[in-house]
There are 2 protein chains.
Amino acid sequence: MPESNCLQNVAAERLDLFCREALARVGVSTEHSRLTADVLVTTDSWGVFTHGSKLLGGYLNRLKSGGLRTDAEPGVAAEGPAWAIVDGHSVLGQVTSTFAMKKAIELARGAGVAYVGVRNSCHFGAAGYYTSLAAKEGMVGLAMANDRPSVAAPGSRGAITGTNPFSYAVPAGEHDPILLDMAISTVAGGKVYAAHQRGEAIAADWIIGPDGLPTTDGSLYPEKASLAPMSAHKGYGLGLMIESLSAALSGAAMTWSVGSWIFGDASKPTDHGAAFLAMNVAAMGSLEAFQGRIDALIREIHAAPRAHGVDRLYVPGEMEWERRRAALRDGIPLPADVRAALVEVGTGFDIALPWS
Amino acid sequence: MPESNCLQNVAAERLDLFCREALARVGVSTEHSRLTADVLVTTDSWGVFTHGSKLLGGYLNRLKSGGLRTDAEPGVAAEGPAWAIVDGHSVLGQVTSTFAMKKAIELARGAGVAYVGVRNSCHFGAAGYYTSLAAKEGMVGLAMANDRPSVAAPGSRGAITGTNPFSYAVPAGEHDPILLDMAISTVAGGKVYAAHQRGEAIAADWIIGPDGLPTTDGSLYPEKASLAPMSAHKGYGLGLMIESLSAALSGAAMTWSVGSWIFGDASKPTDHGAAFLAMNVAAMGSLEAFQGRIDALIREIHAAPRAHGVDRLYVPGEMEWERRRAALRDGIPLPADVRAALVEVGTGFDIALPWS
C-alpha cells in the first residue's frame, strides 16, 4: 500500500485523548483512563509499538466483558518497613502497576530499598514505564511480571514460563536514565505477531515448533509454537526468578493458572503477578555523586572504540529517549498495524481517529 | 594422557583442608581460611570447576603480594533499615561477600527486604554460593558483582563491561533451592580459558576478536579479544544494571578502574564491587505456602512434555545439587586443569595433595 509511506505522524496529546475517550466509553474512571493512556502513549513515543496503544482494543474488550473491573481500586493487602503486597482487584494492569511502583518509591524513602509484589493484576504493558517512574525520583527501579506460558525451556516441547518481562532504570545526571526493558524470550511475542501481520519471515531462533525444534513459520505462534528462551538456560532461569518474585511471593496465579489476557475468556480476571523494587540512592549516599558516576559510565561507552561501520554505541534506553523527544516534537510515527488496531477501536466506539 | 581417565575422586573434606592449609601459609586467619575454603569446595562440589579451588593459586599470589590483605576485616561503612554499604578492606572477596550476604539476611529479618552494596572487594568466586546462604534461611537471595571489562557491547571493538556474574536462589520445600548462577557474557571467561587449556575449539558466539567480529581462536582471549554479551543488547544491558548496583551505588571501582585480579599488579587492591539482596519470605506471608508454590512449579516442570531424545527437564541448580550430593558421597571428580593448578600450590608450599 503506497499510502503507508506517507502516513502523518500522530500528536501524542491527540493519541492520549483518543485512548482516554475510548476507556471512558467502557466505564473506566477519569483517573484510571489518564494513568493507562499515559503508559500506552509513553510506550508509543519510545517507539515500542508492540506494547503501546495497539493493545487498547484488547483491554477494552476485557473491560466490556468484566474480566477487567472498572468499579474497583488497587489496594495494599499487607505491608512492612521495606515491602508491600498489592492486590490489583482486577483493574487495568497499568493502574495497579503504577500504584505499586509509587508504593515502592514511598517505602524506599523511609527504608532505603523496597519490594512491592502484586497479585490480581493483568497485562501491564511496557515494564520500562514503571522503572522510569523510579528513575524520575532519583531511584533505581526494577519491574517484572509473569504471564501465561509462551516460552520453552531447554529441551521442552511446549511452553514453560511466560515471556516474563524485566526492566530496570538507573538515574543519571546530564543524561537520560539508563533503561532496559526486555523479555526473557529471544524476542517478545508481540514482535512475532507484528512480523507475521506484516508478512515478514521470522528469524530461526525466535520460536520453537510443536516438535520442540526451531521454526520460521510465525503463523504457528502461539497455538502450536512457543517462544525460544534467550541464551537457553539463562533466559529460562531468569524467567523462573521473575515467576518467583512476581507470583510465588505475591500470591498471584502462576504459569498455566494465569489467564491469557488476549485469547482467554474476557469475562474472567487473569490474575497476573508483578514485582517492583525501588532503591533510594539518596538514602545511601550522595545522589549527585551517584549520578556523576553513571554519567561518566555513559561518556565512557560513547567514547569507546567501535567495530567497522558502527556509528554509535548506545546505552540501553538511549534510542527510546531520543525517539520520545522527536515524537513529542514531531508526532509519533505509528506503524500501520497500530493504526489498524486504533481504526477498529475508533469505528467501534465512533470516536474520531487521532490523525483525522 | 590415558591416566586422566582413571583419576580418583577427591574427598571434599581433604580438598577443604588443603585449601585452608594453603591460605594459612600466607597468613590468612583461621576464620577467613575456613570461609574461603568453604566457598571454593562447595563450588567444586557443584561441578562448577572454573570457579572453585582452581582459583586458589591466584588468590594466594595476591595474598603474598599484598593486593589482598590478611590483617583486616570487612566492616559496615553505613547502614539504614533495609540497606548497608560494606567496605571489604581488600580482604578475600569470599570473606567480604559472605559477610555482606549475612548482613543482608540479618537486615531482611527486620525490614523484610534488604540490599547490601560492597566496595573494596576482590573476585568473589561463584555468586551462587552467597544466594544459597539466603535460601538456607528461607529467603530469596540475589547476588551480583562487577569486574574489569572483558565483555563487548553490541557494535563495540573491545570490552565495555565485566562478565558481571548474577545469581539468584529461591527456597523450595521438598526440593533443593532453585539456583541460577550466570555471567552476562555468552559464556564465562573461565570456560574460554578451560577450553583453550584443554585444547578444545570454542564456539563461534563466545568471543569477539580485535576487529569487533566473532572468532573461534580462544588464544586471543583476553589480550586481543572480548567475550560476546549474551543475547546482544540484553546481556549488555544486564551488565550495566550490575555495574550500577554493585559499584555506582556502593562506591566501588567501575569498569577499567577495577583491577584485574589475575593479570593485574598483585600488590594492589582490585576494588571490585558487589551487591546482595535478601527477601525474607516469612516476613511477607507463609514460608510454607511459598515453598509449596515453588515445589508445585518444580513438579510441573518435571512433568512437562519434552522434545524427542530429551530425558529430563532440569530446574536451574538441579544438576549442581545432584552433583554435590554425589560429590559428598563419592568425592569430587576434579578435572585435570584443576588438579594441575592444585599441584602448583601443593608444590610451592610443600603441602600434601588432597588426592595423595
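This is a predicted model: local features need pLDDT of at least 70, side-chain atom pairs count only at pLDDT 80 or more; totals for chains, interfaces and linings use all residues.
Residues are numbered from 1 along each chain as its sequence is written, and chains are lettered from A and ligands numbered from 1 in the order in which they are written.

Reader: In what order do the seven strands of the open sheet in chain A lie?
Author: Strands here are DSSP runs (E, at least two residues; helices are H or I, at least four), numbered from the N terminus, and two strands pair if DSSP finds at least two bridges between them. The pairing in this sheet is mixed, and β1 and β8 of chain A are its edge strands, each pairing on one side only. The order is β1-β2-β3-β12-β4-β7-β8.

Reader: Which residue of β7(A) is the bridge partner of A143(A)?
Author: Strand β4 (residues 139-145) of chain A pairs with β7(A) in the antiparallel sense over four bridges. In β7(A), G141(A) has A169(A) as its bridge partner, and the partner of A143(A) is S167(A).

Reader: Which residue in β8(A) stands opposite F166(A)?
Author: β7(A) also pairs with β8(A), in the antiparallel sense and over five bridges. Within β8(A), the residue that stands opposite F166(A) is M182(A).

Reader: How many residues of β7(A) are buried?
Author: A residue is buried if 20 or more other C-beta atoms lie within 10 Å of its own, exposed if 12 or fewer and partly exposed in between, with C-beta atoms placed from the backbone. F166(A), Y168(A) and V170(A) point one way from the strand and S167(A) and A169(A) the other way, and all are buried. The count for β7(A) is therefore five of its five residues.

Reader: How many residues does the largest nonpolar core have?
Author: A nonpolar core is a set of buried Ala, Val, Leu, Ile, Met, Phe, Trp, Tyr and Cys residues joined through C-beta atoms within 7 Å. Among those with the most contacts inside the largest one are A104(A) and A104(B); not counting residues up to four places away in sequence, A104(A) touches residues including A114(A) and F276(A). The core has 237 residues.

Reader: Which helix supplies the largest share of the side of chain A that touches chain B?
Author: Two residues are in contact if their C-beta atoms, placed from the backbone, lie within 7 Å, and the contact takes 60 residues from chain A and 61 residues from chain B. On the side of chain A, these divide into 38 nonpolar, 15 polar and seven charged (Ala, Val, Leu, Ile, Met, Phe, Trp, Tyr, Cys and Pro count as nonpolar, Asp, Glu, Lys and Arg as charged, and the others, Gly among them, as polar). The largest share, nine residues, comes from α7(A).

Reader: What kind of rotation axis relates the two copies?
Author: Copies are superposed by least squares on the C-alpha atoms of residues with pLDDT of at least 70 in both. A rotation of 180° with 0.0 Å of shift along its axis superposes chain A on chain B, with an RMSD of 0.0 Å. The two copies are thus related as by a two-fold rotation axis.

Reader: Why do the copies meet through the same surface?
Author: The comparison rests on the interface residues of each chain. Of those in chain A, 100% are also interface residues in chain B, so the two copies meet through the same surface.
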